[in-house]
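Please keep the sequence and the model in view while reading.

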Amino acid sequence: MAASSRFSWARTLAVFLKEFQEMLRDRPTFAMAVGVPIMQLVLFGYAINTDPKGLPTALVSSDAGPLARSFAASLQNTGYFRIAAQPTGEAEADEMLEHGDVQFVVVIPPGFSRQIVRGERPDLRVSVDATDPSAASNALAALASLAPTALAHDLTGPLAARNPAAPPIDLRVHRRYNPEGLSRYNIVPGLIGTILTMTMVMLTGLAMTRERERGTMENLLATPVRPFEVMLGKILPYIVIGYLQLGVILGAAALLFEIPMEGSFLLLVGMIGVFMLANLGVGFTFSTLAKNQLQALQMTFFFFLPSMLLSGFMFPFRGMPEWAQALGEVLPLTHFLRIVRGILLKGNGAVELLPELWPMLAFLLAAGAIALKRYRQTLD
């Protein structure tokens, strides 16, 4: 007895080897332990950029003079603006801004060059999609510093007198959809999607694993219930929970944060239903893959982390490299954030939201098909 009470490195090593073997046998947990740090390193190191550049800009130029062309070139040389379209009129440019195709609309008025030569200060109108203030703040700062210097190389010689201390142009910036640049207008609507993503995937992911751990799975399999009926029956209660969460968040958004509701509430409810079904399909798939509830939680985190980082909720979407944007376009949260911000802040209708709806529907069909296939395999 006295000998066994002493500390033994041999016994400690035996327990260590046993535990290490158990960890290696639990492949999902081991994969998460290795995969999550790598994913975080790649996403934070390469994909996240708080200073987005090359933002798509629509240039409406009603002046073909040299000074107008020089200003357009200086605009692109800042690195923050990329002339993605040159519509013929402001109405077309505003429509592109409303749909989210461009971040800025720059309007060069008629007679721009002639007014500068005459010593006048023409108005240069800039409209910016300010639903995400952080995405446009640095670009607007660059634009403000550009106003007095953009035409410095052109206003020389006989035109040197037209380059006074004051800027030769009058820059007028119009922040659309968020005039005061309030960050809560961007964060609070985004919280609807992130909270629903976390809760829908997690709760459904625990559904089937909880059945297996409690030993009630055999009773469920003995019933004549079909796989689709089981999946639908387990998903519907969480849809009810999701709508309860939606009511709480929207109530707080209106009462505490004064977030506007410019669009249709019923349209928002319908879009959220599609979004919840897509995430519930993912959670149900995880429940068929996981052996226990811990693995289901780990898989939920592995899905939630890139969804939060690559969707544009925490960091500007257009600031990410193209490969990260391509990954983000696959995630339903990316499209839902554009939908909820479009309805709440822009008043978008079904036509404007259709480009964001069909990717969520495609994701829903793929997740549902995988979930049904995996569930049938568990029956076998």
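In what follows, a patch is made of residues with over 30% relative accessible area and no salt bridge, and nonpolar side chains are joined to it within 5 Å. The model to which this term is applied is predicted.

The chain holds 380 residues, and 47% of them are buried. Its secondary structure amounts to 14 helices and 5 strands. Of the contacts between residues at least 6 apart in sequence, 81% link residues at least 24 apart. The chain has an accessible surface of about 19000 Å², and carbon and sulfur atoms account for 63% of that area.

Strand E4 spans residues 123-129, and because 5 of its 7 residues are buried, the strand is largely enclosed by the rest of the structure. Strand E4 is paired with strand E3 (residues 104-108) in antiparallel fashion through 4 bridges; in this pairing Val-106 stands opposite Val-126 of E4. Strand E4 also runs parallel to strand E5 (residues 170-176), to which 7 bridges join it. Here Val-128 faces Arg-175 of E5 as its opposite residue.

Leu-13, Phe-16, Leu-17, Phe-20, Met-23 and Leu-24 make up a nonpolar surface patch of about 550 Å². Leu-13, one of these residues, lies in helix H1, which covers residues 9-25. Is Leu-13 buried, exposed or partly exposed? Its relative accessibility is 47%, so Leu-13 counts as partly exposed: the buried class ends under 20% and the exposed class begins over 50%.

Notes:
Residues numbered from 1 in each chain as written. Predicted model: local features only at pLDDT ≥ 70, side-chain atom pairs only at ≥ 80, totals over all residues. Heavy atoms only, no water. Patch = residues over 30% accessible without salt bridge, like charges linked within 9 Å, V, L, I, M, F, W, Y side chains within 5 Å. Areas by Shrake-Rupley, 256 points an atom, 1.4 Å probe, with all protein chains shown as cover. Salt bridge = Lys/Arg side-chain N within 4 Å of Asp/Glu carboxyl O. Helix = DSSP H or I, 4+ residues; strand = E, 2+ residues; numbered from the N terminus. Buried < 20%, exposed > 50% of the residue type's maximum accessible area, 1.4 Å probe, protein only. Pairing = 2+ DSSP bridges. Contact = heavy atoms within 4.5 Å.
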